[in-house]
Amino acid sequence: MEIDKLKLAIRELPEEEAKSLLFHVLLRMNLLRETAYSETEFISDIKNVYETVFKISRERSESSQHREFHMTHILFGDSPAGSLKYALKKMGASKKEKVISFWDMFSVGPVWKLHENAGQQARFDFMQKVMNDEHDDFRDYQKKFYETMDQIVSIPEDVPITIWVAENAHEQTGLRYVLHLLKNKTNDIKVINSTKMFTEKFNRPDIEYFAIKTGEIIPEKLQVIYEESKAEASLSQHERKGLEEEWAALADTDETLRIWQNEKIKSVREDYYDQYMINTAKNLQIERERAEEPEAYMKSARLIGEVIGHLDQYMGDTFFEYRLRKLIEKGVFEMEGNLKAMRYYSVRLKG
């Protein structure tokens, strides 16, 4: 009977996963009482939680029966994770080495007490405002966040872990958060600095390229970096403790934006790049006038693309589109179209 399967699945749940699922249920009870969240949405979400219990049990069973992973890789984003999976497949290692992708943008949004339920809810509240949620991306984001946390805390302690990070605030903040999640684990942990390794292996005097994010590196070069890194030492207990302490300091901040500066994570105000965006818009408008472009307004995607294209940080277009909407609200920009998604509206600086 299904009830017996449910009892067995619950008994097999690790404590952290059980707590996470319980939090999901209680969170939705709170939303039902205090927000416009409907009973229909509540029932749909509880069905998802119910199905997740069986899914976790099934995945753990399949993993224990069919796969004994020799290594787990953690990367921050679907693009670098996809590239590494391809590289591992070419190496013949894809069946023995697992890849976990933490789909988030850790340079953006609050990380205050993110290792606790209150901090997670504060982050979700902020990210829901940031995301122009045309395709219900927020729910997918929230679901993936908890699933990834569960995957990380469920890594068996005898399986070594490799964490890939480039020199940007997103991946470096993610590294410190993940090490906090793993702080009670005894796994051997190695960190690959993909930016530094790329520079050492592939830059030449006549060609110099700085890989801001791991996702910029093609699979073939990731494979070389991985093979070369096998001789590198794992994190010492002293190094782990230092990074965990850095996480504790970050988790005590209120800022909602972080940059990478002088090989350190620096918290800055949310409007840190507003003037940069305004200056970029001024330059674009001058260019458009010189080219005698007929449209009075420029596509918002064009402005945001120009902003990102000249930035030495990694924030993603979602954050800059959010700030553009804020500047429209403040009357700095005028717009025409519909703000429901970036592609539906155009902007110009208010004259």
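Q: Before we start, what do buried, exposed and partly exposed stand for here?
A: Buried means under 20% relative accessible area, exposed means over 50%, and partly exposed is in between. Keep in mind that this is a predicted model.

Q: Okay, so where does D271 fall, buried, exposed or partly exposed?
A: D271 has a relative accessible area of 28%, so it's partly exposed.

Q: And what does D271 form a salt bridge with?
A: With R269; their closest N and O atoms are 2.9 Å apart. R269 itself counts as exposed, at 60% relative accessibility.

Q: Let's zoom out. How many helices and strands does the protein chain have?
A: There are 13 helices and nine strands in the protein chain. The radius of gyration is 22 Å, close to the 20 Å that the globule rule gives for 351 residues, so the chain is as compact as a globular protein of that length.

Q: What box do the C-alpha atoms fill?
A: Roughly 70 × 60 × 35 Å, taken along the principal axes.

Q: How much of the chain is buried?
A: Of the 351 residues, 46% are buried.

Q: And what share of the accessible surface belongs to carbon and sulfur atoms?
A: That's 49%, out of about 19000 Å² for the protein chain.

Q: Back to salt bridges. How many are there in the whole structure?
A: A search turns up 18.

Q: Give me one in a helix. What does K144 pair with?
A: K144 meets D140 in a salt bridge, 3.8 Å from N to O. The two are four residues apart in helix 6 (residues 137–153), so about one helical turn separates them.

Q: What about K326, which residue is its salt-bridge partner?
A: That's E329, at 3.9 Å from N to O. Both sit in helix 13 (residues 317–329), three residues apart, so about one helical turn lies between them. K326 is partly exposed, with a relative accessible area of 25%, while E329 counts as exposed at 63%.

Q: Last one: how far apart are the mean positions of the positive and negative charges?
A: They're 2 Å apart, for 52 positive and 62 negative charges in the protein chain.

Methods: Residues numbered from 1 in each chain as written. Predicted model: local features only at pLDDT ≥ 70, side-chain atom pairs only at ≥ 80, totals over all residues. Heavy atoms only, no water. Rg over C-alpha atoms; globule rule 2.2 N^0.38 Å. Buried < 20%, exposed > 50% of the residue type's maximum accessible area, 1.4 Å probe, protein only. Areas by Shrake-Rupley, 256 points an atom, 1.4 Å probe, with all protein chains shown as cover. Lys, Arg positive; Asp, Glu negative; His and termini not counted. Charge placed at Lys NZ, Arg CZ, Asp CG, Glu CD. Salt bridge = Lys/Arg side-chain N within 4 Å of Asp/Glu carboxyl O.
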